[in-house]
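I have one structure to go through, and I will keep to what can be computed from it.

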Amino acid sequence: MLESLRGKRMMFVGDSLNRGQYVSMVCLLHRLIPEDKKSMETYNNDALTVFRVKDYNATIEFYWAPFLLESNSDNAVVHRVSDRIVRKGSMNKHGRHWKGVDILVFNTYLWWVTGQDMKILKGSFKDVEKEIMQMSTEDAYRMAMKSLLRWVTRNLDRERTRVFFTSMSPTHSKGDWGGEASENCYNQTTPIADSNYWGSDSRKSIMKVIGEEFSKSEFPITFLNITQLSSYRKDAHTSIYKKQWNPLTTEQLANPASYADCIHWCLPGLQDTWNELLFAKLFHPDLI
């Protein structure tokens with residue numbers, strides 16, 4: 001992998017799930033590299049993280065953009081806002097940081113699924129009076145995919161840059177695999193055995209949007225479909241073992257399932273498999 005990355009930039013772009021895949025990739029490789037031959041630095045108010053491998057003149061990077069488009073959740077540290085707003089047609093805000101990259105791995109999904117319509121800003125966040133319209137999740141997501149494909153076609157050289165898009169990462173916040181309704185990933189130690197299982201949190205309507213829009217793309221994009229294989233892994237989440245940014249309450253401590261993280265994944269773990277799949281598609285596309 002390192003030899004194949006010699007002289008190249010690889011960048012993961014998206015939300016914290018894509019950051020998890022980025023960290024997985026770095027962890028898989030960094031043990032092979034002497035301490036004085038590697039570095040990890042952040043830029044642009046922590047939006048960009050760069051792992052540099054000096055002897056290979058290579059970088060593996062992560063860029064925080066949970067919607068890919070500009071939004072009010074773009075602060076890489078403080079981004080938990082209850083009223084999410086995405087600016088229409090604003091791919092260049094983040095896209096200027098992606099130019100010149102040799103391998104781009106995009107993802108975006110979970111931030112779009114709020115249970116309500118999405119709020120779309122037609123003007124600028126700097127406007128005193130903002131024009132905001134509401135769109136269904138599917139229509140808003142389609143708008144984002146069209147913007148991404150338009151940006152990729154206009155700004156990237158297909159002879160130089162490989163582009164990947166990772167499908168939705170499933171969550172296990174409710175026991176729709178046959179468990180109790182109140183059950184989640186907490187204390188789960190085995191995968192789901194039903195090969196036909198598809199969680200209700202992974203919207204097939206979104207997969208349909210991706211398929212429809214990507215089939216029209218003038219620029220070749222490789223789809224990294226990790227949804228089904230990840231759906232079985234109710235046992236692979238960080239659960240109660242993630243870092244807690246705020247002290248847990250007495251009520252939470254009495255009911256661990258109430259604060260279990262059933263979105264993100266443990267490392268080492270499932271996301272290493274995502275990177276094995278990425279590696280195969282990147283360097284052996286004829287075999288996939």
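I will take the cores, then the pockets, then the salt bridges.

Some ground rules. This is a predicted model, in which local features need pLDDT of at least 70 and side-chain atom pairs count only at pLDDT 80 or more, while totals for chains, interfaces and linings use all residues. Residues are numbered from 1 along each chain as its sequence is written, and side-chain values use heavy atoms, with hydrogens and water left out.

Start with the inside. By nonpolar core I mean a set of buried Ala, Val, Leu, Ile, Met, Phe, Trp, Tyr and Cys residues joined through side-chain atoms within 4.5 Å. Buried is under 20% relative accessible area, exposed is over 50%, and partly exposed is in between, with a 1.4 Å probe and protein chains only. The largest core has 70 residues, and F106 and F165 have the most contacts inside it. Which helix gives the most to this core? Helix α3, residues 137-155, with nine residues. Helices here are DSSP runs of H or I, at least four residues, and strands are runs of E, at least two, numbered from the N terminus. Apart from that core lies another, of five residues, including C185, I240, Y259 and C262.

Now the pockets. On a 1 Å grid over the protein atoms alone, a pocket is an open set of points where a 1.4 Å probe fits, with protein on both sides within 12 Å along at least five of seven lines; lining residues have an atom within 4 Å of a point. Grid points are joined across faces, edges and corners, and a volume is the space filled by probe spheres set on the points. The largest pocket holds about 1600 Å³. Its lining has 48 residues, and S16, R80, K242, D261 and H264 lie nearest the centre. By class the lining has 22 nonpolar, 16 polar and 10 charged residues. For these classes, Ala, Val, Leu, Ile, Met, Phe, Trp, Tyr, Cys and Pro are nonpolar, Asp, Glu, Lys and Arg are charged, and the others, Gly among them, are polar.

The second largest pocket has about 150 Å³ of space. Among the residues that line it are W64, D74, K93 and H97. Strand β4 (58-64) and helix α2 (91-95) each supply at least two lining residues. The lining divides into four nonpolar, five polar and three charged.

Last, the salt bridges, each a side-chain nitrogen of Lys or Arg within 4 Å of a carboxyl oxygen of Asp or Glu. The structure holds 16 of them. One joins E138 and R203, at 3.2 Å from N to O. E138 is in helix α3 and R203 in the loop between β9 (162-166) and α4 (204-214), 65 residues apart. Both are partly exposed, E138 at 22% and R203 at 24%.

What does R142 pair with? E212, for one, at 2.8 Å. E212 lies in helix α4 and R142 in helix α3, so this pair ties together parts that are 70 residues apart in sequence. R142 also meets E213, at 2.7 Å, and that pair is 71 residues apart. Buried or exposed, for E213? Buried, at 3% relative accessibility, whereas E212 is partly exposed at 28% and R142 partly exposed at 23%. R142, K146, E212, E213 and K216 are linked in a network of salt bridges.
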